[in-house]
Amino acid sequence: MASRSRSMMSAILFLFLIHGSHCFYLPGVAPEDFQKGDPLKVKVNKLTSIKTQLPYSFYSLPFCKPKKIVDSAENLGEVLRGDRIENSPYVFKIREPQMCAVLCRITLDAKTAKHFKEKIDDEYRVNMILDNLPLVVPIRRLDRDSPTVYQLGYHIGLKGQYSGSKEEKYFIHNHLAFTVKYHRDTQSNSARIVGFEVKPYSIKHEYEGKWSQNTRLSTCDPHTKRTVVNSNTPQEVEANKEIIFTYDVEYQESDVKWASRWDAYLLMSDDQIHWFSVVNSLMIVLFLSGMVAMIMLRTLYRDISKYNELETQEEAQEETGWKLVHGDVFRSPSHSDLLCVYVGTGVQFFGMILVTMIFAVLGFLSPSNRGGLMTAMLLLWVFMGIFAGYASARLYKMFKGAEWKKIALRTAFMFPAIVFAIFFVLNALIWGQKSSGAVPFGTMFALVLLWFGISVPLVYVGSYIGFKKPAIEDPVKTNKIPRQIPEQAWYMNPVFSILIGGILPFGAVFIELFFILTSIWLNQFYYIFGFLFLVFIILIITCAEITIVLCYFQLCSEDYLWWWRSYLTSGSSALYLFLYATFYFFTKLEITKLVSGLLYFGYMLIASYAFFVLTGTIGFYACFWFTRLIYSSVKID
């Protein structure tokens with residue numbers, strides 16, 4: 001009864017987490033109240049493209065500039081994402097609409113026209129921020145009942161042809177119709193910003209006489225109430241052509257409260273798919289749990305009672321199965337140092353992911369807190385070094401190792417050094433493209449400082465504590481002479497069983513993986529951490545169970561080399577993850593540039609490597625617990 005009520009409680013808790021994940025969040029900033037006529041700071045962010053994945057700063061193109069460009073202070077996560085937040089020349093005053101405000105007039109030369117055309121070709125979007133809300137373009141769906149979809153940022157321009165002509169021309173969006181939505185407090189009459197939308201237009205502005213500060217446009221004039229409503233006479237991008245940038249600002253009162261202003265951005269129209277993903281994963285878990293239960297209850301119970309009833313040594317020798325290898329099952333594996341390092345790194349990763357997930361589910365890492373997720377993960381990775389050192393030193397001592405400092409050094413450097421090397425090469429490629437996504441030298445130095453100044457010492461502290469503890473005792477004695485392993489059936493071949501083992505853990509996460517890849521590479525918000533947390537729990541169970549099942553079959557066929565096999569069995573799911581990422585690249589993304597392709601595969605390689613370390617460690621510990629459990633249950637003569 002108690003266990004049933006416990007499982008009910010855990011089910012209720014999961015449902016609460018899933019429900020809470022997109023209804024409740026702790027905002028990244030405190031609300032700001034504005035009185036009528038208060039100025040609003042409109043900031044510009046990077047230019048982004050899903051075709052190139054290379055962000056550029058807004059002023060890398062000759063847009064209208066303020067008198068002095070001021071950089072906003074970005075956190076570590078924002079810098080790594082390529083965010084460059086700067087002030088803009090737009091002047092907004094709350095609840096004071098503007099019509100056809102002229103921003104500036106520029107004349108293109110051949111070089112700037114070429115830059116604009118390249119960015120329009122690559123479908124770059126302009127990102128702006130008002131009161132910490134990103135600028136969106138509302139896209140209404142054809143069927144009336146469907147909710148409005150929001151696209152982050154507006155396209156710089158578009159390609160098209162004049163009617164009757166086949167020549168493709170480039171047109172720029174030079175008129176922006178902004179809509180600022182606000183929620184009014186009836187008592188204080190103050191307003192809070194709850195929405196920031198835009199409709200971009202391309203229009204060839206006309207005026208009479210020479211251009212001066214007070215020139216009135218004939219195409220867009222507040223005095224005659226003439227406004228821009230379409231792009232029928234678009235502004236072409238060509239050398240020596242002048243472009244006049246204008247904008248409208250409209251204010252709309254909204255019923256949306258400040259606390260739920262992000263809901264429209266984070267609207268989840270496809271939660272059925274996520275439930276399908278969870279149910280699909282749970283089916284895998286139930287299937288595996290059934291197999292593990294069968295092994296544990298039926299086979300093991302029968303085996304152990306049978307082994308314990310055997311009277312004489314002669315009878316025991318006639319037996320076959322997992323008990324025969326009891327004298328070799330805890331023999332140290334080859335390259336045991338490397339295994340210790342990988343297990344330690346996996347523990348560090350597991351700790352980081354677990355704590356990040358808990359913070360995200362509780363709403364601390366909402367998208368309003370830009371760069372928060374990446375900053376949190378980096379800092380957690382650094383501080384989890386103490387657990388990495390502890391885990392690797394404990395295992396190392398069990399393998400009768402004596403040089404704990406050497407193992408601590410390798411744990412502190414191996415995984416981060418490989419990732420940093422790939423990251424450094426990718427950063428050099430981004431730098432070569434003059435993109436704002438290139439991590440500046442100062443930030444690179446800060447990352448190295450976090451690694452050497454905090455992570456490395458913590459790994460050493462963890463290793464020291466772990467090595468001081470008494471060694472883990474084996475439940476059975478190890479023979480001096482290794483036993484010969486009999487010839488194995490084809491399906492027990494290490495490569496085959498390792499590759500089979502990775503399919504199910506990958507199957508448990510691949511639907512959720514699609515949404516994560518979409519949010520990273522197609523510039524969308526991912527905020528379904530409740531589902532992700534559930535899938536993560538399922539992943540842990542799947543990795544543990546598939547490894548136990550295959551480990552049991554391996555021991556039954558008298559093959560005692562399980563240490564590395566257990567790590568690689570669940571870790572091989574990373575191979576399927578990378579193959580899926582390759583499939584995703586060719587089917588969903590429109591990346592054509594070589595540098596952008598290298599960036600994609602470089603980052604996915606890092607992600608797959610991290611996934612290998614995480615899943616491998618889960619599988620290893622599950623198998624470690626399982627072997628100790630079964631060999632401590634039998635009487636050994």
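In the residue classes used here, Ala, Val, Leu, Ile, Met, Phe, Trp, Tyr, Cys and Pro count as nonpolar, Asp, Glu, Lys and Arg as charged, and the others, Gly among them, as polar. By these classes, the lining of the largest cavity has 9 nonpolar, 3 polar and no charged residues. The structure is a predicted model, in which local features need pLDDT of at least 70 and side-chain atom pairs count only at pLDDT 80 or more, while totals for chains, interfaces and linings use all residues. Residues are numbered from 1 along each chain as its sequence is written, and side-chain values use heavy atoms, with hydrogens and water left out.

**Cavities**

- Rolling a probe the size of a water molecule over the atoms shows where empty space is left.
- A cavity is a set of points, on a 1 Å grid over the protein atoms alone, where a 1.4 Å probe fits but cannot get out; lining residues have an atom within 4 Å of a point.
- Grid points are joined across faces, edges and corners, and a volume is the space filled by probe spheres set on the points.
- The count comes to 2 cavities of 30 Å³ or more.
- The largest cavity holds about 80 Å³ of space, and its lining residues include Phe58, Phe63, Tyr90, Tyr154, His173, Asn174 and Thr246.
- The second largest cavity has a volume of about 50 Å³, and Ser497, Gln554, Trp562, Arg565 and Cys623 are among its lining residues.
- Helix H13 (529-556) and helix H14 (563-571) are the elements that give two or more residues to the lining of the second largest cavity; H13 supplies the largest share, 4 residues.
- By class, the lining of the second largest cavity has 4 nonpolar, 5 polar and 1 charged residues.

**Helix H9**

- Helices (H or I, at least four residues) and strands (E, at least two) are DSSP runs, numbered from the N terminus.
- The expected span of a helix is 1.5 Å times one less than its number of residues; for the 29 residues of helix H9 (residues 404-432) this should be 42 Å, which agrees with end C-alpha atoms 42 Å apart.
- H9 bends by about 30° at alanine 417, the bend being the angle between axes fitted to the seven residues ending there and the seven starting there.

**Positive phi in loops**

- Arginine 95, a residue other than glycine, has a positive phi near 60° and sits in the loop between strand S4 (92-93) and strand S5 (98-107); with a relative accessible area of 17%, arginine 95 is buried.
- Histidine 335 has a positive phi of about 55° in the loop between helix H5 (313-318) and helix H6 (336-361); its relative accessible area of 60% makes histidine 335 exposed.

**Buried polar and charged side chains**

- Aspartate 328 lies in the loop between H5 and H6 and counts as buried at 1% relative accessibility.
- Not counting residues up to four places away in sequence, aspartate 328 touches Asn479, Ile481, Pro482, Arg483 and Tyr560, where contact means heavy atoms within 4.5 Å.
- Serine 608 belongs to helix H16 and is buried, with a relative accessible area of 6%.
- Leaving aside neighbours within four places in sequence, serine 608 is in contact with Ala574, Leu577 and Phe578.

Key:
Buried < 20%, exposed > 50% of the residue type's maximum accessible area, 1.4 Å probe, protein only. 1 Å grid on protein atoms, 1.4 Å probe; cavity = no way out; pocket = protein on both sides within 12 Å on 5 of 7 lines; lining within 4 Å.
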